[in-house]
Amino acid sequence: MPLTFDILSTDGEARRGRLTTPHGVIETPAFMPVGTLGAVKGVTPQELEAAGASILLSNLYHLALRPGIDGIERLGGLHAFSGWRRPILTDSGGFQVWSLGGLRTVDAGSVTFRSHLDGSPLRFTPEGVVDFQERMGVDVAMVLDECTSWPVERPVAEASWERTLAWARRAREAWKEGPGGLFGIVQGSVYRELRERAARDLAALDFTGYAIGGVSVGEPVAERRAVVEWTAPLLPADRPRYLMGVGYPADILHAVAQGVDLFDCVLPARNARHAVLFTREGVLKIKNARFKDDPRPLDEACGCPACARTSRAFLHHLFRCGELTAPVLATLHNLRFYLDFMADIRQAIGLGALTDMGTLARRAAGETGGDSPEGPDFEVLPVSSDPLEQRSS
RNA sequence: GGAGGUGUGGCCGAGUGGACAAUGGCAGCAGACUGUAAAUCUGCCGGGCUUCGCCCUACGGAGGUUCGAAUCCUCCCGCCUCCA
């Protein structure tokens, strides 16, 4: 096995682990900032490292369109090309099957995109996708999958899974087993029996790691959490588990408690660009008028460049003026918040005190009341095995 | 002094007899965002109310024509351009 995954300690189902890759070690549970085109929008690799990121997520579909895999390979691979020296995981384009739903056709053996840039066709096969990612030299490649939409009829979800499973088998065959790893992806929408079957089918294929896909596509929080609760326990315990595209801190905490090790989400970066900042006191919509004269840092306990030297009022001012520095500082802050959150989670698992994380999750999710906004997506829903639930009952 | 032009909601700017409380944009007030077609998108944006409808006040000011005026006429005021 080219990649090694060691579980250092556990706390309930939660695992404190260590994933070793050609470009370094990832302490898990870990959050992967999203750098679709090879960079997290607005920040340098150095800044990303300083924020504490141990692995970057990038995207095959987008890189294949521009600048193209050949070019990246010629320039020494994605690491040399981007300047990011730590591990990289690339998504296969399976998410674009959903997000670019109007621009692609799926058949039994491949997915053909019409470029969102110029309409030109781009055909992805399970084998081709593995080859592309190997040629870019990434540490973790993802199999080509079909991320189903929500809601979707059970028969459609089932047919989709059969196709994705066949693709997974082909990808597994095509994979040269090193130096990077290859992760399989469980689908099955919100159907329990389908998810369970998918997890078992996939587990038999001996992938480096296993991802839960097909969530955070618009489904209610409770559905998403149920999928994690059904699926995670069925994935091989000795392999890293990755919940794709999730999410809010409270969702991450819930999934960690179910034994998930890896996460990625555009939320901290995108919300930062949209002037929505995560703090231990809740979410701040920093452009709101109430921050005009607020001299406090975004988050008293944060060590990011914005919090180290400036105030809420200054960020408010920069965003109002459309200063480029605003989204940059905001992105550094939100990523630092997420990465600190993961570090706290790891520490808590090590201490067997993950339950205590409920406090932080609540605060991160903006549930302290007072000046925090509220909404259905921010709720920490009571789920039977949720540590938060045990705590409050 | 003469000739021509122009004055619209916080700002810019459409509208030249009824479908106009008045297109747009900006500013302002909020909201959304989950393996990134997103530095994006959405709602509100004269006032009041019993707020999916009604009533006030509004297109420089004052009169007038008309069933009806931001739109036409008269006078006045301000600004701009050209000629003396």
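In strand S8 (residues 110-114), Ser110 stands opposite Asp107, where a strand is a DSSP run (E) of at least two residues and a helix a DSSP run (H or I) of at least four, both numbered from the N terminus. This is a predicted model, in which local features need pLDDT of at least 70 and side-chain atom pairs count only at pLDDT 80 or more, while totals for chains, interfaces and linings use all residues. Residues are numbered from 1 along each chain as its sequence is written, and chains are lettered from A and ligands numbered from 1 in the order in which they are written.

**The sheet around S8**

Strand S7 (residues 104-107) pairs with S8 in the antiparallel sense over four bridges, pairing being assigned if DSSP finds at least two bridges between two strands. The two strands form a hairpin with two residues between them. On its other pairing, S8 is joined to strand S9 (residues 121-124), again antiparallel and over four bridges, and Thr112 has Arg123 as its bridge partner in S9. The hairpin of S8 and S9 has six residues between the strands, and in it Gly119 takes a positive phi near 85°.

Together these three strands form an open antiparallel sheet in the order S7-S8-S9. S7 and S9 stand at the edges with a single partner strand each, so one side of each is left without a neighbour in the sheet. Neighbouring strands of this sheet are turned by 15° against each other on average, direction ignored; such angles run from 0 to 180 degrees between the N-to-C directions of axes fitted to C-alpha atoms, for helices over the stretch in contact.

In a regular strand the side chains alternate between the two faces of the sheet. A residue is buried if 20 or more other C-beta atoms lie within 10 Å of its own, exposed if 12 or fewer, and partly exposed in between, with C-beta atoms placed from the backbone.

**Strand S5**

Strand S5 (residues 56-59) is covered on both faces, with Leu56 and Ser58 buried on one side and Leu57 and Asn59 buried on the other. S5 runs parallel to strand S6 (residues 88-91), to which four bridges join it, and Ser58 has Thr90 as its bridge partner in S6.

Another open antiparallel sheet has three strands in the order S1-S2-S3. Strand S1 (4-11) and strand S3 (24-28) are its edges, each with a single partner strand, so one side of each is left without a neighbour in the sheet. Strand S2 (residues 14-21) pairs with S3 in the antiparallel sense over five bridges, and Thr20 stands opposite Val25 in S3.

Helix H14 (residues 325-350) lies across S1, S2 and S3 and runs at about 120° to S2. In H14, 21 of the 26 residues are buried, so this helix is largely enclosed by the rest of the structure. Gly352, which follows H14, has a positive phi near 65°.

The buried residues of H7 include Trp161, Leu165 and Trp167. The buried residues of H7 pack against helix H6 (126-136), strand S11 (181-186) and helix H8 (192-203), a contact requiring C-beta atoms, placed from the backbone, within 7 Å.

Val227 lies in helix H9 (residues 221-231) and counts as buried because it has 25 C-beta neighbours inside 10 Å. Leaving aside residues up to four places away in sequence, Val227 touches Val190, Arg195, Ile212 and Val215.

**The surroundings of RNA strand B**

RNA strand B is surrounded by 50 residues, the closest being Ser99, Cys147, Ser216, Gly245 and Gly247; a residue is near the strand if its C-beta atom, placed from the backbone, lies within 6 Å of it. S5, helix H5 (94-99) and helix H11 (267-273) are the elements that give two or more residues to this surface. The residues of the surface near RNA strand B divide into 22 nonpolar, 17 polar and eleven charged, where Ala, Val, Leu, Ile, Met, Phe, Trp, Tyr, Cys and Pro count as nonpolar, Asp, Glu, Lys and Arg as charged, and the others, Gly among them, as polar.

How values were computed: Two residues are in contact if their C-beta atoms, placed from the backbone, lie within 7 Å.
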